[in-house]
Amino acid sequence: MILEYIRYRISENRAAEFEAAYARAAGPLGRSPFCHDFELSRCVEESDHYILRIRWESLDKHLKDFRSSAEFRAFFTGIRPYVDAIEEMRHCTPTEVAGVGAGTPRPPTLYEWAGGGDAFDRLSSRFYEIVATDELLAPMFSGMSADHPHHVALWGGEVFGGPA
């Protein structure tokens, strides 16, 4: 994985068209199988500064394969007027130092997405209602305890990220 950072200085009178050009160039860039993701950010303190961050499969895939592709030609056509505004371009390898801050919401577990314990109880109860009417399965479950569906719901909930 390679992170490419490009720092631009774009005057206020060119900013809107610069952002529009990158919005158009995002199509061909995003279609490249070598591009994982990208983001154009504008500096808050100095609004004429922009940083483009692109995460590539590898340096070789970026410099050789992407740059010889039709996607690159379409991408570059759109941003060519702003090449002179590049102040710095770097390719970086991520280190082991990474993390997610406390302010970043975590995605819900499958347990939460399904609706939690009540949903697993309903699912398990309904399943065993159907089992009781099935001529092949009913004999195998004829001796099960009344709380068996709830125990299965608890187990299933734990497997899908619910409480232990």
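What follows is a walk through one predicted model, from its strands to its salt bridges, cysteines and surface. Local features need pLDDT of at least 70, side-chain atom pairs count only at pLDDT 80 or more, and totals for chains, interfaces and linings use all residues. Residues are numbered from 1 along each chain as its sequence is written, and side-chain values use heavy atoms, with hydrogens and water left out.

Start with strand 1. Helices (H or I, at least four residues) and strands (E, at least two) are DSSP runs, numbered from the N terminus. I6 is found in strand 1. I6 is buried, with a relative accessible area of 7%. Buried means under 20% relative accessible area, exposed means over 50%, and partly exposed lies in between (1.4 Å probe, protein chains only). Accessible areas come from the Shrake-Rupley method with a 1.4 Å probe, and for residues only the protein chains shown count as cover. Leaving aside neighbours within four places in sequence, I6 is in contact with Y50, I51, L52, I86, E88 and M89. Contact here means heavy atoms within 4.5 Å. The C-alpha atoms of I6 and R90 are separated by 6.5 Å, although these residues are 84 apart along the chain.

Y8 also has its place in strand 1. Y8 is buried, at 1% relative accessible area. Beyond its neighbours within four places in sequence, Y8 is in contact with residues including F18, Y22, H49, Y50, I79, Y82 and E87. The side chain of Y8 makes a polar contact with the side chain of Y22, at 2.4 Å. A polar contact is a pair of N or O atoms within 3.5 Å; within protein, one must be able to donate a hydrogen and the other to accept it, and residues adjacent in sequence count only if both atoms are side-chain atoms. Y8 and E87 are 5.5 Å apart in space, C-alpha to C-alpha, and 79 residues apart in sequence.

Move on to H49. This residue lies in strand 3 (residues 49-56). H49 is buried, with a relative accessible area of 12%. Its side chain makes a polar contact with the side chain of D48, at 2.9 Å.

Now the charged pairs. A search of the whole structure finds 15 salt bridges. A salt bridge is a side-chain nitrogen of Lys or Arg within 4 Å of a carboxyl oxygen of Asp or Glu. R7 forms one with E88, the closest N and O atoms being 3.3 Å apart. R7 lies in strand 1 (residues 2-9) and E88 in strand 4 (residues 86-92), so the pair ties together parts that are 81 residues apart in sequence. R7 is partly exposed at 27% relative accessible area, and E88 is partly exposed at 29%. R7 and E88 also belong to a network of salt bridges that links R7, R9, D48, E87, E88 and R90.

R42 forms a salt bridge with E19, and their closest N and O atoms are 3.5 Å apart. R42 lies in strand 2 (residues 35-42) and E19 in helix 1 (residues 12-31), so this pair ties together parts that are 23 residues apart in sequence. R42 is partly exposed at 32%, and E19 is partly exposed at 35%.

D37 forms a salt bridge with R53, with the closest N and O atoms 2.8 Å apart. D37 lies in strand 2 and R53 in strand 3, so the pair ties together parts that are 16 residues apart in sequence. D37 is partly exposed, with a relative accessible area of 24%.

What about the cysteines? A disulfide is a covalent bond between the sulfur atoms of two cysteines. The cut-off here is a pair of cysteine sulfur atoms within 2.5 Å. The structure holds zero disulfides. C35 is in none, and the nearest cysteine sulfur, that of C92, is 16 Å away. From the side of C92, the closest cysteine sulfur is in C35, and 16 Å is too far for a bond. C35 is buried at 10% relative accessible area, while C92 is partly exposed at 30%.

L110, W113, W155, V159 and F160 make a nonpolar surface patch of about 620 Å². Patches are made of residues with over 30% relative accessible area and no salt bridge; like charges are joined within 9 Å, and nonpolar side chains (Val, Leu, Ile, Met, Phe, Trp, Tyr) within 5 Å. Helix 4 (110-114) and helix 6 (148-159) each supply at least two residues of this patch. W113 has its place in helix 4. W113 is exposed, with a relative accessible area of 61%.
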